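I opened a new model today and kept notes as I went. Here is what I looked up, entry by entry.

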Amino acid sequence: LSYMRTLVEPTITKNIAIAHHLYRIENSSQNQIESCLGKRILLLKLPQENGEKGVICIKFSELFKLIPRAFNMEKLLKDYRLVLEPSWSGYCDEDILYYTKYKEEIYILAAEQGDFELLLRLNSNLKPLPFGPCDWVDPSLFKKYYESSENKTYDILMNAHWGWWKRHHVLFKTLKGLSSDIKVALIGFPWGGSSLEDVQALAQYFGVEKQITFYEKIPYEDVIKITSMSKIGMLLSLKEGSNRAIAECLFCNVPVIVLSEHVGGIKKNINPVNGKLVPQAQLKDTIKEMLNNLNSYTPMEWALKNISCTVTTEKLNNYLKYRAIACGEPWTKDIVVKTNSPELKYYNEDDKNNLWKYNLELKKYFN
């Protein structure tokens, strides 16, 4: 298998770069990109007068194919280092691998182990970083909603859209084998053709609808409040990018359950201090065990030390500084702190005031 990878992967990247280039000639995406400046494309550092490059973060996988079509990449990469933040796992993707055509280093958040290892094997200009979108939480948003474990309304929280791949049926089937006193909060919104009514009908099919309170399209402030009112958070999908809802549970001091079969960046953050990674077959027993031992978990303490936006920005800054110096480039100014909510945002208001207009001025790099 290892030998086959060494043969196939370089060929894949080469052919993707050629095909993508031909497609790029026929398409312009500047209008779409312009609407993303300061939201999904965020300046973290301006170029300096000494020739030091600036830093731009680009978020959401759907955007990656538009960047080379809209920008003059030669000019952009001369002035900026790019940090790509994919929103979905699975980096053997033409919109990511296309960037191997450039000689400049491009940095990619790769919290999922398989994606990280793929980029390492390519040994290209794409440099993986071992964190993802779930690692940029603003802890200040959660302070006023934190409640002690004695004041909980819900036993289980599941914050997930109503799409079928969130697998609500697994939760409902598990509830049938647990006490009917267990109360569940479901937060969601329509997605992939599935509606609230579809999920409610599924709960009725399993006979657990009376245990569930449904919340649809509620303000983010209410999402945090309901999260803090829950004892356990849960993720039952088998593949995602880097789930933020589970990270938010940790900052509300709510321990979590994630399936060991899951593929995604959040998986690396789950440990005995903040929750459990378990096979689906053990879900029922794990829920009972955790509800009886909530005091043994300290998820908020772990989250503050490991996945807050300030901590992750420092990690990114240290790596970019190391790579700049290794490439013989100057590094005299650090990047600013950014957070995800879910769009990119500046953590400090002063940074927003100082840099906002420069985000809009990136239009000067358009083709």
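Which residues of helix H6 (residues 113–122) are buried? I checked, keeping in mind that this is a predicted model. I found Asp115, Leu118, Leu119 and Leu122 buried. I then asked where they sit around the axis. They cover an arc of only 95°, which puts them on the same side of H6. I noted the general rule: an α-helix has 3.6 residues a turn, so residues three or four places apart point the same way.

Next I looked at the ends of H6. At its start, a side-chain oxygen of Glu112 comes within 2.8 Å of the backbone nitrogen of Gly114. Just after H6, Asn123 has a positive phi of about 50°.

Then I turned to the sheet. I found an open sheet of 5 strands, ordered S1-S2-S3-S4-S5, with mixed pairing. S1 (41–45) and S5 (126–129) are the edge strands; each has a single partner, so one side of each lacks a neighbour in the sheet. On average, neighbouring strands are turned by 25° against each other, direction ignored.

I followed S5 to its partner. S4 (residues 106–109) pairs with S5 in the parallel sense over 4 bridges. Leu109 stands opposite Leu129 in S5. H6 packs on this sheet and touches S4 and S5. Its direction makes about 150° with that of S5.

Last, I looked at a helix pair. The axes of H12 (residues 299–306) and H13 (residues 309–326) come within 6 Å and cross at roughly 30°. H12 contributes Leu304, Lys305 and Asn306 to the contact, and H13 contributes Val311, Thr312 and Lys315. By class, I recorded 2 nonpolar, 2 polar and 2 charged residues there.

Technical notes: Residues numbered from 1 in each chain as written. Predicted model: local features only at pLDDT ≥ 70, side-chain atom pairs only at ≥ 80, totals over all residues. Heavy atoms only, no water. Axes fitted to C-alpha atoms, helices over the stretch in contact; angles between N-to-C directions. Helix = DSSP H or I, 4+ residues; strand = E, 2+ residues; numbered from the N terminus. Contact = heavy atoms within 4.5 Å. Nonpolar A, V, L, I, M, F, W, Y, C, P; charged D, E, K, R; others polar. Buried < 20%, exposed > 50% of the residue type's maximum accessible area, 1.4 Å probe, protein only. Arc of directions from axis to C-beta. Polar contact = N/O pair within 3.5 Å; in protein donor to acceptor, adjacent residues only side chain to side chain. Pairing = 2+ DSSP bridges.
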